[in-house]
Amino acid sequence: MSARVTRSTRASRVGTVVAALALLVLAAAPWWAGRADMRLMGEIYLYLSLACLWNLMAGYAGLVSVGQQAFVGFGGYMLFALTIFGGLHPIAAILAAGLLAAMLSVPIATLIFRLKGAYFAIGTWVIAEVFRLSFAQIQALGGGSGSSLPVGVVKSLAASRSGREALSYWLALGAAVIVILSVYLFLRSRRGLALTAIRDSEVAASGLGIDIWRTKLEVYVVTSAFTAVIGGLIFSQKLRISPDAAFSVNDWTAFVIFIVVIGGIGTLEGPIIGTLVFFALRETLADFGTIYLMVLGLVAIVVMLKAPKGIWGLVRDRFDLELFPLSYRVRKRD
Amino acid sequence: MSAILSISGLRKSFDAVVVADDTTFDVRNGEALGILGPNGAGKTSLFNLITGALKPDAGRIAFAGEDITGFSAAARCKHGIARSFQIPQPFGGMTVFENALVGATQGAGMHGAEAEEHALDVLQQTGLMPKANLRAGALSLLERKRLELARALAARPRLLLLDEIAGGLTDAECVELIDTIKRIHASGTTIIWIEHVLHALLAVVERVIVIDFGKQIAEGDPNTIMELPEVKEIYLGIDADA
């Protein structure tokens, strides 16, 4: 008997075409969408990126961090610092923030990787609090009350307001596409296969020649760098930063965990579905105040009890679907 | 023939429980060695020490002439030591084929089509080809045990450690398994096998070491060993249903 190995499925080929068309329509939003809609879509793209990154780190590498707001806030603050004091163009500052975050994440990793499980999670939170308290001490950036992005810096993005809004929108869309594509290509590679093995059993993975510590470090460094870039983009839209907003565990970690868990942790499709569900809930319940948060909590509890693999986990188990062709399929050759 | 694995003065204990007490033995290149002993004697711990899942308190492990005592589990696999787990540890979210592919790409360091061919080959050898596209989490216990063997083989080991892979098999399946292991052995792979199913073990191995409380209590040719009173005592009742 002879067999051949393929990776794409009909669902994934259809998915690629649909995704490409959707991307074209979304890229043209400045010509068809209103200002408020574009701002909302921009926010969706940035949350989608944060969710994909957190999913790679927690869902695949098993690094359940509740402290990624450290890097969101760091990216935001670096945008302000590098443009105001360094005179960098905002986009250059955001990219530089990513590089600096990568360098910073290495010593942090050597510290917190000694902690396991729940202790690791708490350790990441402590680190994020240290970040918040440290940035609150920097008087040049407004200390505890924060500061605004100077008009000159804002104007350097684009002269007109509509130009800036279109640019912000495209940057957010571009970031989400780059994040999803990078995560996808990484998971498809040899190294990605190793990471997926770690997701399922660390003891078996190390017995089969996979260096767990190094793989996790790489994932942590790369996700931290990307997270800082997303943070820079978030605060380039907000135009104002303060320690509490920049290092908010609610905004940048709790919501992101909600998205990943209800969508389906440890799958590429999960964060995308979770983001759509999260924003659908938020937009419909926005007028009800605190009830909105209570409903989110309820949804999270129900999903965790009834469908621990999330919405995508249910769909995948039932229909054997895969939108991103990661799996290998063995087919008999006739 | 020269020793491929050389263990000397190996000690390991968890508080008061001694799992390796001055363990010392060599395994010749190409040999098939059986390890016997009652439950809790330290057999699996010995495997954990050889593969690097556990660090010894004292002693030295050399593989192919190189001191590997300080090597990580991953490095030891890359040097040619692979194992099956007594309690199967499948990559449950990946397909059976992908499980084997992990062994081929990460353990044996193969690339692309070569790795895929090799993964298909070990699935063929272990009878898992019909299940290739199934998620490993959906396999039965017996299939999981086969997957343990397939994945270890995919890493293309020079030394293969088998931890109770015959338990629970039907007679026909057991005969098939013995054939598979004999074939692997005949291809030049050194084998150390922990097994309670004695007739399966004795059909393959050339030498047996008996351990209890981490101590080596007997060693030698399988037929002689099985006649020893202390070994009979251990296996009375276990051999009856095997």
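Modeller: Two strands pair if DSSP finds at least two bridges between them. Keep in mind that this model is predicted.

Colleague: Over how many bridges do strand S9 and strand S10 of chain B pair?

Modeller: S9(B) covers residues 207-212, and S10(B) covers residues 215-220. A pair needs at least two bridges. These strands pair in the antiparallel sense, and the bridges number five.

Colleague: Which residue in S10(B) is the bridge partner of B:Ile211?

Modeller: Start from S9(B), residues 207-212. Then cross to S10(B), where the partner of B:Ile211 is B:Gln216.

Colleague: Which residue takes a positive phi in the hairpin of S9(B) and S10(B)?

Modeller: Look between the strands, where the hairpin has two residues. One of them has a phi near 50 degrees. That residue is B:Phe213.

Colleague: Which are the edge strands of the open sheet of four strands in chain B?

Modeller: The order is S2-S1-S4-S5 in chain B, with antiparallel pairing. An edge strand pairs on one side only. Here that describes strands S2 (17-28) and S5 (66-67) of chain B.

Colleague: Which strands does H1(B) touch as it packs on the sheet?

Modeller: Take its direction: it makes about 60 degrees with that of S2(B). The helix reaches three strands of chain B: S1 (3-14), S2 and S4.

Colleague: Which residue in S5(B) is the bridge partner of B:Phe63?

Modeller: Strand S4 of chain B runs over residues 58-63. It pairs with S5(B) in the antiparallel sense over two bridges. In S5(B), the partner of B:Phe63 is B:Glu66.

Colleague: How far apart do the C-alpha centres of domain 1 and domain 2 of chain B lie?

Modeller: Domain 1 of chain B takes in residues 1-72 and 159-242, while domain 2 is 81-156. The distance between their C-alpha centres is 23 Å.

Colleague: Which element gives the largest share of the side of domain 1 of chain B that touches domain 2 of chain B?

Modeller: Between the domains of chain B, 17 residues of domain 1 are in contact with 16 of domain 2. Helix H1 (43-51), strand S7 (159-163) and helix H6 (171-186) of chain B each give two or more residues to the domain 1 side. The largest share is five residues, and it comes from S7(B).

Colleague: Which element of chain A gives the largest share of the side that touches chain B?

Modeller: Here 24 residues of chain A are in contact with 29 residues of chain B. On the chain A side, S1 (3-6), H9 (190-200), H10 (202-207) and S4 (329-332) each supply at least two residues. The largest share is seven residues, from H9(A).

Colleague: How far apart are the end C-alpha atoms of helix H3 of chain A?

Modeller: H3(A) has 26 residues, 35-60. At 1.5 Å a residue, it should span 38 Å. The computed distance agrees: 37 Å.

Colleague: What is the radius of gyration of chain A?

Modeller: Chain A has 16 helices and four strands. The globule rule gives 20 Å for its 334 residues, and the value for chain A is close to that, so the chain is as compact as a globular protein of that length. Its radius of gyration is 20 Å.

Colleague: What is the radius of gyration of chain B?

Modeller: Chain B has nine helices and ten strands. For 242 residues the globule rule gives 18 Å. The chain comes close to that, so it is as compact as a globular protein of that length, with a radius of gyration of 17 Å.

Key: Residues are numbered from 1 along each chain as its sequence is written. Chains are lettered from A and ligands numbered from 1 in the order in which they are written. This is a predicted model: local features need pLDDT of at least 70, side-chain atom pairs count only at pLDDT 80 or more; totals for chains, interfaces and linings use all residues. The expected span of a helix is 1.5 Å times one less than its number of residues. Two residues are in contact if their C-beta atoms, placed from the backbone, lie within 7 Å. Domain bounds come from an automatic or database domain assignment. Axes are lines fitted to C-alpha atoms, for helices over the stretch in contact, and angles run from 0 to 180 degrees between N-to-C directions. The radius of gyration is taken over C-alpha atoms; the globule rule is 2.2 Å times the number of residues to the power 0.38.
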